[in-house]
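Let's take a walk through this model together, going from ring contacts to sheets and then to a helix. Keep the structure open while you read.

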Protein chains: 2
Amino acid sequence: VSEAIMQSHFAELKEALTRELGIASVTVDVGVAESHSGDWSEVAHEKPSLVLFPRTPAQVAAALQILASFGQPAVVQGGLTGLAGGATPRSGEVALSLVKLNQIEEFDRIGGSITAQAGVTLEQLQTHVESEGWFFPLDLGARGSCQIGGNAATNAGGNRVIRYGTMRDLILGIEVALADGRLLTMLNRVTKNTTGIDLKHLFIGAEGTLGVITRVVLKLAPKPVASNTALCALESFEAATRLIKEMLSAFEVMWSDFMTAAIKSGDFKAPFADIHPVYVLVETLGSSPESDSQALEQVLERALEDEIVSDVVVAQSLDDAHRLWEYREAIGELLSRLKPYAAFDVGIPMGSMDRFVASARESLTGIFPNQQHLFFGHIGDGNLHVLSGPYASSAELHRVEEVVYAAVGEVAGCISAEHGIGVVKKEFLHHSRSEDELDLMRSLKTLLDPKLILNRGRVIDTDAASRASSEK
Amino acid sequence: VSEAIMQSHFAELKEALTRELGIASVTVDVGVAESHSGDWSEVAHEKPSLVLFPRTPAQVAAALQILASFGQPAVVQGGLTGLAGGATPRSGEVALSLVKLNQIEEFDRIGGSITAQAGVTLEQLQTHVESEGWFFPLDLGARGSCQIGGNAATNAGGNRVIRYGTMRDLILGIEVALADGRLLTMLNRVTKNTTGIDLKHLFIGAEGTLGVITRVVLKLAPKPVASNTALCALESFEAATRLIKEMLSAFEVMWSDFMTAAIKSGDFKAPFADIHPVYVLVETLGSSPESDSQALEQVLERALEDEIVSDVVVAQSLDDAHRLWEYREAIGELLSRLKPYAAFDVGIPMGSMDRFVASARESLTGIFPNQQHLFFGHIGDGNLHVLSGPYASSAELHRVEEVVYAAVGEVAGCISAEHGIGVVKKEFLHHSRSEDELDLMRSLKTLLDPKLILNRGRVIDTDAASRASSEK
């Protein structure tokens with residue numbers, strides 16, 4: 001395609017989009033393009049040809065219809081906090097930013113649900129509902145920037161999954177702009193709904209490949225008034241699998257090497273006199289300050305008696321709780337020290353966790369004896385983080401990824417429990433999903449987005465989808 | 001099609017299926033056909049032409065491949081306890097029974113998950129895991145007969161949805177035999193899995209229209225050791241919406257007319273000296289007998305002080321708890337007295353519940369003053385049951401259905417929160433789902449089952465799907 005044709009294509013596209021969205025919502029400004037050139041991943045930034053800021057769900061749908069008529073691919077952007085490169089533009093793409101879709105539309109104070117547009121930030125939503133005695137349980141570090149639409153598109157998890165589930169479990173209804181310009185409004189507000197195929201699940205976790213989520217109805221929980229925290233020292237991971245049978249809301253496991261590195265990085269006081277193989281940070285959320293704290297102490301006393309737990313520190317105040325969480329949150333400091341690192345958020349079946357950690361540690365230490373290999377995670381939901389670095393080259397990084405993902409496949413784990421596939425993990429997806437599954441994903445992509453307008457080349461292989469499409 | 005051609009079609013089909021499944025798994029026996037001629041709904045029974053009893057997931061897939069090659073439609077059958085007519089054969093259909101797929105294959109005692117074949121009964125599964133200190137939270141009256149595969153295909157709910165979610169929330173992995181004979185094995189065992197489009201949700205709740213669920217991996221919960229029950233009397237439904245903010249595992253609302261009818265039907269002692277507008281049966285499930293019972297009493301004391309609750313009976317023993325549940329469980333006896341009745345399991349947003357109940361009661365009483373109209377349900381999850389009868393004719397029944405479903409549509413509720421669509425509610429589905437949604441369901445049906453082999457004419461309109469398919 002010649003330069004002249006491309007220029008005329010973009011001029012016509014811009015004109016059509018401007019006619020629909022208004023001049024303030026379509027920009028070629030270099031500064032704006034720069035700030036929409038990438039997400040938090042390490043994927044190379046690329047300035048989009050145009051940046052669109054639709055202000056209503058109907059405008060999102062109208063923009064997609066225009067993009068489809070021009071055969072113009074677009075990348076969908078929320079808070080740009082993703083770690084898998086899904087929102088980083090590829091060459092020649094238009095960026096469709098949902099940042100102006102930032103209205104909280106309806107708060108059902110009786111039923112405990114809220115309808116919000118995709119561009120509302122997680123923190124904005126949390127604060128809004130907490131002021132009225134309700135609670136939105138999803139929580140993650142990027143809360144100030146990440147958006148509800150992105151949380152839905154990537155099925156975000158975070159700290160409280162064992163008690164409240166992932167984003168998918170918190171979504172009652174959804175609205176999606178399809179690639180052909182239709183707006184599918186499915187703003188269900190009831191928990192139980194068995195009226196045929198539950199279409200919202202096609203779009204949750206699909207990372208924007210099948211449609212653009214424009215609005216969501218979220219289920220709220222009663223606001224917990226009591227929170228109790230304790231840090232436990234254990235002699236084995238097997239003991240942790242017994243402790244988790246207690247009903248807790250957070251359950252963070254840190255292996256010994258992680259704790260040692262965390263203490264060092266933050267210059268913290270060691271929590272126990274001795275070093276133990278495994279540490280578990282537990283938290284309960286409940287409705288009764290007195291009886292909840294008593295319940296947690298009963299659980300821990302029993303665990304000490306049964307020799308599941310070797311030692312324990314129970315927080316007696318909010319300050320105490322904060323200090324206990326500091327060990328786990330040292331991860332931020334550790335990340336900056338280990339750069340450039342390989343970071344994994346894999347899902348491992350609990351029964352295979354111990355074996356996986358031991359064998360991955362052995363493999364990594366064997367190949368890269370001079371790097372640090374740290375293991376920790378929200379283990380209650382099978383989500384293990386591995387942090388390994390620093391590495392001298394991208395070839396070394398790639399080697400580490402191959403070693404870890406192949407090991408994940410061997411224990412029937414999943415290569416991403418949290419951050420999604422995007423472009424970063426696309427080549428490793430076959431370790432988690434069969435060829436038949438990838439085929440069905442491609443068929444769904446072709447059914448819903450035959451011109452491959454939306455997030456082309458993310459999650460599943462676009463070329464194969466194009467092939468399947470052109471063979472029809 | 002002439003009789004002779006039909007006879008030769010069935011003879012050839014039977015031969016091909018017998019070759020694949022073995023002679024014991026393909027039968028034309030009239031007694032067997034009779035016992036597979038319908039589910040628990042009122043839909044007229046119809047004997048299937050053949051009954052198939054595949055013994056492995058691979059045999060299910062192989063049978064579907066043969067059926068597709070013959071263009072022979074089949075109805076999928078589990079425990080036949082459905083109330084929407086989804087498993088009742090239609091004329092000329094083959095019945096595909098999953099009753100022989102009854103193996104529990106793998107119990108992950110560490111991670112708390114279990115892999116079971118579709119034909120395992122709910123009760124068999126519950127008993128199996130409870131003997132080892134784990135708990136499968138799904139529970140419903142048909143537990144002794146209904147099967148795990150059917151629970152998944154219909155996204156069953158039951159009594160504990162507010163604490164544990166519906167069947168969908170308890171499913172980690174799934175295996176599905178597709179209409180083209182492929183077996184899609186997705187036996188994921190981790191809670192968090194963000195590796196692309198989550199295909200299992202296409203099949204959960206699709207009532208067998210997109211594939212036959214052959215195996216599921218279920219998430220187990222720690223077994224609660226403490227259960228506490230109380231019956232509360234309230235002056236309004238609005239008070240109930242305040243009580244539900246407490247963290248409970250069951251929350252059954254019964255309006256006054258239901259309680260009066262229940263007491264009469266079972267000749268029970270009235271729970272309170274006075275009659276109150278609304279009653280709520282609450283239950284907690286927890287890990288600590290002493291502190292849990294104390295926590296529930298604290299909650300109820302506060303509710304009495306705040307005048308949310310007017311009166312309360314707290315069960316002091318298992319016998320007490322059983323007696324309190326008897327009021328709610330009088331429904332069985334009530335059903336037999338009101339025959340023939342209209343029974344609804346609709347989903348109503350909590351904020352509209354009070355208004356819906358008042359207006360539906362007024363409409364029904366206005367049109368049918370001599371019938372009983374009883375309101376109750378698992379209100380914590382928005383699931384309202386309405387029981388109305390007895391009726392003199394099917395025309396009267398249909399009139400009641402129209403009145404109730406139109407009213408559900410007006411408050412943006414859903415026409416089925418529990419029993420599904422099947423054939424019974426198909427004509428009313430447009431009250432809950434838009435034309436675009438129905439279109440997308442038909443597109444998915446056409447993509448996954450182009451010859452309409454599976455559960456043809458259930459949930460979505462087959463003719464329209466045929467039309468869409470032939471237009472391509």
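In chain A, the charged end of R163(A) sits over the ring of Y164(A), 4.7 Å from the ring centre. To count as sitting over a ring, NZ of Lys or CZ of Arg has to be within 6 Å of the ring centre and within 35 degrees of the ring normal. Chain B has R163(B) with its charged end over the ring of Y164(B), 4.7 Å from the centre.

Before going further, some housekeeping: this is a predicted model, where local features need pLDDT of at least 70 and side-chain atom pairs count only at pLDDT 80 or more, while totals for chains, interfaces and linings use all residues. Residues are numbered from 1 along each chain as its sequence is written, chains are lettered from A and ligands numbered from 1 in the order in which they are written, and side-chain values use heavy atoms, with hydrogens and water left out.

Now for the rings themselves. Over all chains, the structure holds 16 aromatic pairs, meaning rings of Phe, Tyr and Trp (its six-membered ring) with centres within 6.5 Å; planes under 30 degrees apart count as stacked, over 60 as edge-to-face and the rest as tilted. One of them joins F135(B) and Y164(B) edge-to-face, at 5.8 Å centre to centre with 65° between the planes. That pair links distant parts of the chain, 29 residues apart: F135(B) is in strand β7 (residues 134–135) of chain B and Y164(B) in helix α6 (residues 161–164) of chain B. Helices (H or I, at least four residues) and strands (E, at least two) are DSSP runs, numbered from the N terminus. F135(B) is buried at 6% relative accessibility, and Y164(B) is buried too, at 11%; buried means under 20% relative accessible area, exposed over 50%, and partly exposed in between (1.4 Å probe, protein chains only).

How are the rings of F237(B) and W255(B) arranged? Their centres are 5.4 Å apart and their planes at 15°, so this pair is stacked. F237(B) lies in helix α9 (residues 237–243) of chain B and W255(B) in strand β13 (residues 250–255) of chain B, so the pair ties together parts 18 residues apart in sequence. F237(B) is buried at 3% relative accessibility, as is W255(B) at 4%. Over in chain A, ring pairs link F344(A), Y405(A) and F428(A) into a cluster.

On to the sheets. Chain A has an open sheet of five strands in the order β5-β6-β10-β8-β9, paired antiparallel; two strands pair if DSSP finds at least two bridges between them. β5 (104–108) and β9 (183–186) of chain A stand at the edges with a single partner strand each, so one side of each has no neighbour in the sheet. Inside this sheet, β8 (residues 171–177) and β10 (residues 212–219) of chain A pair over six bridges in the antiparallel sense, with I171(A) opposite L218(A) in β10(A).

Elsewhere, β3(A) and strand β4 (residues 94–97) of chain A pair in the parallel sense over four bridges, and V76(A) stands opposite L96(A) in β4(A). Both faces of β3 (residues 74–77) of chain A are covered: A74(A) and V76(A) are buried on one side, V75(A) and Q77(A) on the other.

Finally, look at W325(A) in helix α12 (residues 318–329) of chain A. W325(A) is buried, at 12% relative accessible area. Setting aside neighbours within four places in sequence, W325(A) is in contact with T229(A), A250(A), E252(A), L281(A) and E283(A), where contact means heavy atoms within 4.5 Å.
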